[in-house]
Amino acid sequence: MREPTIFELSSPGRTGVTFQEPDVPLSEIPQEFARANLPFPEISELGVVRHFTKLSQKNYAIDLGFYPLGSCTMKYNPKINEVTARYPGFAAAHPLQPEDTVQGNLYLMYTLQNWLAEIGGFADATLAPAAGAQGELVGTMIIAKYHKDRGDLKRTRILIPDSAHGTNPASSAMLGFDPVQLPSDERGNVDLKALAELCDDTLAGIMFTNPNTLGLFDENTAEVIRIVHEAGGLVYGDGANMNALLGVFKPGECGIDVMHYNLHKTFSTPHGGGGPGSGPVMVCEKLVDYLPDPHVVMTDPGDEDTPPTYGFARPEKSIGRVKTFHGHFGMLVRAFTYIAMLGQEGLRDVAEKAVLNANYLQAKLKGTYTLPYDRSCMHEFVLEGYWKDVPDIHALDIAKRLMDYDFHPPTNYFPLIVHEALMIEPTETESVETLDQFADAMVKIAEEARTQPELLKNAPHNTPVKRADELKAAKDLVFCCYPVGEWEKK
Amino acid sequence: MFTPHTHADVEAMLKTIGVEKVEDLFKVVPEQNRFPDLNLPQPLSEMQAATELDSIASANATTRDFISFLGAGAYQHYIPAAVDNLLQRGEFYTAYTPYQPEISQGTLQAIFEFQSLISLLTGMDVSNASHYDGATAAAEAVILAFNHFRGKRDKILLSRAINPQYRDVIRGYMQANDAIRIVGDDPETGIEPDLKNLIDQIDLDTCLVMVQYPDFFGRIIDYASLIEAAHAQGALVAVVANPTALALLTPPGEIGADIVVGEGQPLGIPLSYGGPYLGFFAVKNALLRKISGRLVGETVDTQGELAYVLTLTAREQHIRREKASSNICSNQGLMTLAATIYMTLLGKTGFQQVANLCYQNAHYTANAVQEIPGYKLPFKSTPFFHEFVVQADENVPELLAHLQHHHILGGYDLSQDYPELEGCLLMAVTEMNSREDIDYLTDVLSEVEHA
């Protein structure tokens with residue numbers, strides 16, 4: 001049943017949470033600035049609680065079931081993270097407090113910078129970026145400034161493999177670079193021949209996702225890095241898929257110059273229905289001075305009697321500030337909690353089980369679905385959601401039908417280089433029973449595609465709403481409960 | 001620790017895959033780099049982690065331990081219990097971006113309601129699903145304006161009374177764009193409330209004029225003549241607004257703003273040492289298709305039932321790649337939900353009460369402080385909302401240290417960003433500052449004078 005909007009639920013004169021009246025002598029609000037009307041809803045507290053509880057029940061979520069969304073790493077979000085991030089010592093700290101009052105926060109940030117650098121094999125890290133895409137922006141700014149500072153002004157092109165996330169070309173374009181698409185070879189690796197042809201003294205760098213979005217560790221990794229470095233370019237690592245490499249491979253040790261993590265993927269902070277993310281960026285030694293402002297440093301190492309102290313410093317050649325204050329601190333507390341609980345062994349276990357789960361599902365499904373790159377995969381793999389004998393059935397139909405089996409669909413139609421892609425990332429936190437149930441559903445759907453195709457075409461059948469008319473949304477352009485002008489009359 | 005695999009599970013799975021051991025799945029990783037050591041501390045149990053994090057948090061003294069008058073872009077407000085309670089429902093916070101509308105109507109409708117509330121609050125036609133924070137929303141407004149004129153206009157005019165961090169972020173975002181000139185916030189243009197120097201710089205090269213409302217100093221300034229002057233030259237106007245203030249003040253949309261952005265943290269989001277917060281972003285209809293970031297629109301499903309979907313995605317990076325209006329991929333999902341619940345729960349009555357408490361408490365504080373010898377209000381003749389500038393005869397860092405000694409966070413030292421405001425302090429007062437706290441502040445300030 002449809003849940004009315006907060007405006008439909010509103011009754012004039014009803015109140016939710018109210019406040020005490022001022023107990024100070026009153027001052028006049030200047031009439032020339034006074035607002036005529038605030039047309040906000042008027043609902044009781046219980047009414048509000050029921051409304052949002054009912055809305056929550058119209059969502060799918062990790063806490064409800066399996067979420068094999070490729071490239072999104074929908075792993076379990078440990079409950080303890082939600083507790084630690086809410087400790088008043090963290091949650092009630094104002095971002096502009098004097099440094100001597102927030103040594104706990106600064107210690108946490110300093111330590112996390114070091115842990116993240118260590119896990120990736122880098123010299124240092126910044127915690128400032130608000131999300132993976134902003135991490136890319138920061139990384140690209142660092143690349144731009146590095147070349148500029150050296151007077152190397154010809155470097156205008158960034159190479160981007162055709163399997164890359166859309167944020168890669170968008171981030172490099174925002175920095176004024178010319179993104180150049182790089183083809184993949186028949187094994188899903190960067191095409192080395194094409195790479196060598198595109199490398200010259202106008203190359204600023206490459207944005208290299210490894211494992212790539214096919215879920216494959218690039219077999220040419222060392223060669224890619226060598227060729228780009230020899231041409232004077234820098235290698236940006238898109239760390240979106242680092243869940244496969246924790247304790248397995250340190251990109252920084254192998255020549256990646258700058259890389260971001262997505263804390264909301266690899267380090268278990270919640271996705272929150274679309275954010276907030278957090279995208280720390282790690283750099284190699286020669287790029288440390290370019291990190292954004294602010295950066296946490298140890299201001300005094302202390303001694304036997306006094307603990308070290310920490311503070312903010314602006315790196316010497318810093319690219320500057322990319323957001324207010326110090327990054328998504330609440331997400332940093334969660335990631336810190338997670339890493340503290342896992343340690344080296346636990347992190348390697350994450351990668352191993354993530355890769356085990358993906359290979360297991362791949363093995364179970366590859367007879368039923370076409371696997372275009374038939375190799376041992378890392379944390380995810382990509383199938384074709386299409387069969388020649390039932391050409392009317394598309395990846396979208398399979399995705400929607402999965403909802404009837406109580407699963408979230410895989411990512412579909414990405415990466416772009418696979419026809420009718422279904423990109424499946426089970427993550428390490430799923431049990432073999434869940435994987436089996438999912439595989440059974442996928443096999444059943446493949447049968448249904450032949451025997452009862454309308455079941456797929458009309459899917460989903462059991463969800464709060466059915467397939468939505470996206471064209472109508474894009475035509476009508478209704479973004480607000482009331483068109484402006486109409487609410488004024490209410 | 002969070003992996004459910006038994007030994008028997010692993011054996012059976014390896015058999016299905018056709019390899020002997022888990023390590024075999026990593027043969028593609030160069031051998032000399034495979035399975036490196038990680039220099040990390042020994043892992044903690046959940047109980048140990050809870051204790052360890054508690055001790056780190058306890059090494060801070062926060063707005064709970066101090067009486068705080070710090071604002072300057074982040075404000076302490078009371079967050080009703082229901083906000084966080086609802087936010088902690090796993091159905092909300094462990095959900096992904098609502099790309100599959102059939103199983104994401106909860107998130108989608110909440111964002112639609114957020115967009116509606118922000119539109120109403122700002123007086124604009126369309127709000128998006130949010131940006132990272134107020135500063136990045138402001139930077140996206142600059143990008144929008146620059147692209148709107150397709151490079152034919154190259155000048156961005158920023159008021160010097162915009163939060164300095166916002167201006168830094170705007171310059172950071174635009175650092176590679178040599179074609180753009182970001183001006184207007186220099187000391188010569190100054191911070192006079194009559195805006196004359198800023199208005200004089202508006203010309204046919206100007207794509208955007210950006211001001212803050214109330215401004216960084218808390219002042220409520222009449223922007224009507226500035227907006228008129230900008231529009232007369234064909235330029236767009238963006239207003240950075242404080243959402244709490246808009247409960248009482250004429251919304252920027254009604255005085256002609258083309259874009260309204262701001263920091264949504266005051267709407268039920270904890271201070272949390274600076275983030276995650278919430279950037280809101282609203283425009284007039286004419287700019288609708290230029291907006292960056294996610295948008296939720298209303299539609300129907302195949303049964304004719306009302307449904308919500310992410311729409312106009314052709315502007316976004318996952319479709320348009322390098323031609324996208326921004327590289328932004330996420331929105332501040334859970335923070336928009338917090339703000340939506342907060343605004344709904346307080347509603348018309350509660351939200352205006354909070355704003356009025358801020359206004360009244362701030363004016364009571366300002367009046368009391370200026371009575372103390374050695375303190376004055378340099379912008380006394382300009383109305384203000386809940387933040388104001390105090391000029392002290394004392395050295396500001398010493399004064400702040402003295403207040404801190406008396407368990408007061410006295411405010412923000414403005415000379416860090418404004419050399420012309422040497423000796424000036426920015427103080428914020430909200431509903432969280434009781435009359436007793438304010439009286440205590442004035443007592444301590446009076447003692448400083450007598451010391």
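## Exercises on helix packing and strand pairing

The helices H4(A) and H10(A) cross in a left-handed sense, the near helix being turned anticlockwise from the far one by less than a right angle. The model is predicted, and local features need pLDDT of at least 70, side-chain atom pairs count only at pLDDT 80 or more, while totals for chains, interfaces and linings use all residues. Residues are numbered from 1 along each chain as its sequence is written, and chains are lettered from A and ligands numbered from 1 in the order in which they are written.

**Exercise 1.** Describe how H4(A) and H10(A) pack, and state which residues make the contact.

*Solution.* Begin with the elements, which are DSSP runs (helices H or I, at least four residues; strands E, at least two) numbered from the N terminus. H4 covers residues 103-120 of chain A and H10 covers residues 329-365 of chain A, and the two pack at an angle of about 45° with their axes 10 Å apart; axes are fitted to C-alpha atoms, for helices over the stretch in contact, and angles run from 0 to 180 degrees between N-to-C directions. H4(A) is therefore oblique to H10(A), a word for angles that are not under 35 degrees (roughly parallel), over 145 (roughly antiparallel) or 65 to 115 (roughly perpendicular).

Next, list the contact (C-beta atoms, placed from the backbone, within 7 Å). H4(A) contributes residues including Leu108(A), Leu112(A) and Trp115(A), and H10(A) contributes others, among them Phe329(A), Phe336(A) and Leu347(A). By class, the contact has 12 nonpolar, 1 polar and no charged residues; Ala, Val, Leu, Ile, Met, Phe, Trp, Tyr, Cys and Pro count as nonpolar, Asp, Glu, Lys and Arg as charged, and the others, Gly among them, as polar.

**Exercise 2.** Work out the strand order of the open sheet in chain A, and name its edge strands.

*Solution.* The 7 strands stand in the order E1-E7-E6-E5-E4-E2-E3 with mixed pairing, where a pair needs at least two DSSP bridges. E1 (124-126) and E3 (178-182) of chain A are the edge strands, each pairing on one side only. The twist averages 25° from one strand to the next. Inside the sheet, E5(A) and E6(A) run parallel and are joined by 3 bridges, and Asp238(A) has His260(A) in E6(A) as its bridge partner.

**Exercise 3.** Describe the hairpin of E9(B) and E10(B).

*Solution.* E9(B) and E10(B) pair in the antiparallel sense over 5 bridges, with Gly297(B) opposite Val309(B) in E10(B). Between the strands lie 5 residues, and Gly304(B) in the turn has a positive phi of about 85°.

Conventions. Contact = placed C-beta atoms within 7 Å.
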